[in-house]
Amino acid sequence: MATSPDPSVFHRLDLADALTQALLTTAPASASSSGLFLAAPRRTGKSTFLREDLRPALEKAGALVVYADLWEDRKADPGQVIVNAVRAELLRHQGAIARLARAAGMDKVAVGGVSFSLDRVGLGQDVSLSTALAALSDESGKLIVLIIDEAQQAITSESGNDALFALKAARDELNSSRHHGLRVVATGSNQDKLAMLRNSREQAFFGAPLVPFQPLGKNYVDWFCAHVGLPARLDPDIVFDLFKRTSFRPEMIGAAADLLRFDFALAPADVPQRFAQAVEAQIAASDNEALRVVHSLTPLQSAVLRVLAAAQADYAPFEAETMARYQRVLDAVAPNAQVRADVSNVQQALGALQDKALVWRATRGVYALEDSSLASIMAATGLLDVAR
Ligand SMILES: Nc1ncnc2c1ncn2[C@@H]1O[C@H](COP(=O)(O)OP(=O)(O)OP(=O)(O)O)[C@@H](O)[C@H]1O
Ligand SMILES: [Mg+2]
């Protein structure tokens, strides 16, 4: 599956190799055979790294990689996305399907056509994820690395939780001496959410190390400046400072460069200054976009969001003290509002905030901001002052 490297991507081969080594050489009894968590803020290049660097490095080292992106389709159930990723890999290994068919007592039936339906593989189906992954392991003779991008989505649905339990069983089975091993690499944008996945003894990730995924650094900015193709040179040191101001989001400096590229009247001497202005404008636009959604909320939704954002990990949605706080914020932001905060309408507001993709909810009722950077944007504009 060798693909030629994408010239629009800055590669981090050393990091990919280091992670690959760490994953492949783990002693089976150590906690990191549970896998690995990589946490980094939104839009900083996690998925790009997984796809462009880590996956090829793992494959080069002889592993079989199965990739499931739980955010690829916001509407798809996270558990089903994981099942589909395993099914898709099975399809590429007819021998593994033949094994499953034989195990299901279908040895006389031709394989590859109607005889064995992949629908039989899944959560609560007669062929479990563990059995399917074991067949892949035996057939390929390879260590399997399951990469789950945006893993925190798994605990937002029942079937996602089921998938995590199923993967725990699969991990125990495949890491036994009968097979060739299973590692799970999970990424997410929020450490607190990912931590919830590693705290339960019954789950696939129990005890898995949480590694802060380092953002793109100065060498990325050097590469960017060398390839940006503007009429004048950009100073990498200055651009690196700007890049830090964007919270290490490549899109921000990329979009700034695009703006300049289409400004045909731009004099070369003005390029550095205009670039800095364009980056600042991108940051402001991105913050404004986030705030636009906040300003479209009803007073109660706004109060609930502010209290959640101010409380962060201490947020207890329905405690008396929190209810009083919603009411205080409500009184401050909408003194004439008829509505009073009670358990039922706060629950409704939280539901609405979830629908607007502002709030994330784990199945056991823990709430958090979908994107934790929203809290600092709200704080910077004073929106949280009334909620403290
Ligand atoms: N190594 C890189 N070289 C060049 N551009 C990059 C690199 N990594 C990320 N980008 C760009 O940054 C943007 C965000 O990248 P990516 O989607 O990988 O981030 P993410 O952390 O997975 O984001 P999200 O939180 O939305 O899942 C994309 O437009 C991508 O092209
Ligand atoms: Mg991503």
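How many residues does helix 1 (residues 13-24) have, and how far does the helix reach from its first C-alpha to its last?

Mentor: The model is predicted, so local features need pLDDT of at least 70 and side-chain atom pairs count only at pLDDT 80 or more, while totals for chains, interfaces and linings use all residues. Residues are numbered from 1 along each chain as its sequence is written, chains are lettered from A and ligands numbered from 1 in the order in which they are written, and side-chain values use heavy atoms, without hydrogens or water.

Helix 1 has twelve residues and reaches 16 Å between its first and last C-alpha, close to the expected 16 Å. That expected span is 1.5 Å times one less than the number of residues. Helices are DSSP runs of H or I with at least four residues, strands are runs of E with at least two, and both are numbered from the N terminus.

Within helix 1, L15, A16, L19, T20 and L23 are buried, where buried means under 20% relative accessible area, exposed over 50% and partly exposed in between, with a 1.4 Å probe and protein chains only. These residues lie on the same side of helix 1 because they cover an arc of only 135° around the axis, the arc being that of the directions from the helix axis to the C-beta atoms. An α-helix has 3.6 residues a turn, so residues three or four places apart point the same way. L13 and D14, on the other side of helix 1, are exposed.

The buried residues of helix 1 pack against strand 1 (36-39), helix 2 (46-60) and strand 4 (182-188), contact meaning heavy atoms within 4.5 Å.

The model has nine aromatic pairs: rings of Phe, Tyr and Trp (its six-membered ring) pair if their centres lie within 6.5 Å, and planes under 30 degrees apart count as stacked, over 60 as edge-to-face and the rest as tilted. F10 and W223 form a tilted pair, 5.7 Å centre to centre with 55° between the planes. This pair links distant parts of the chain, with F10 in the segment before helix 1 and W223 in helix 8 (residues 218-227), 213 residues apart. F10 counts as buried, at 17% relative accessibility.
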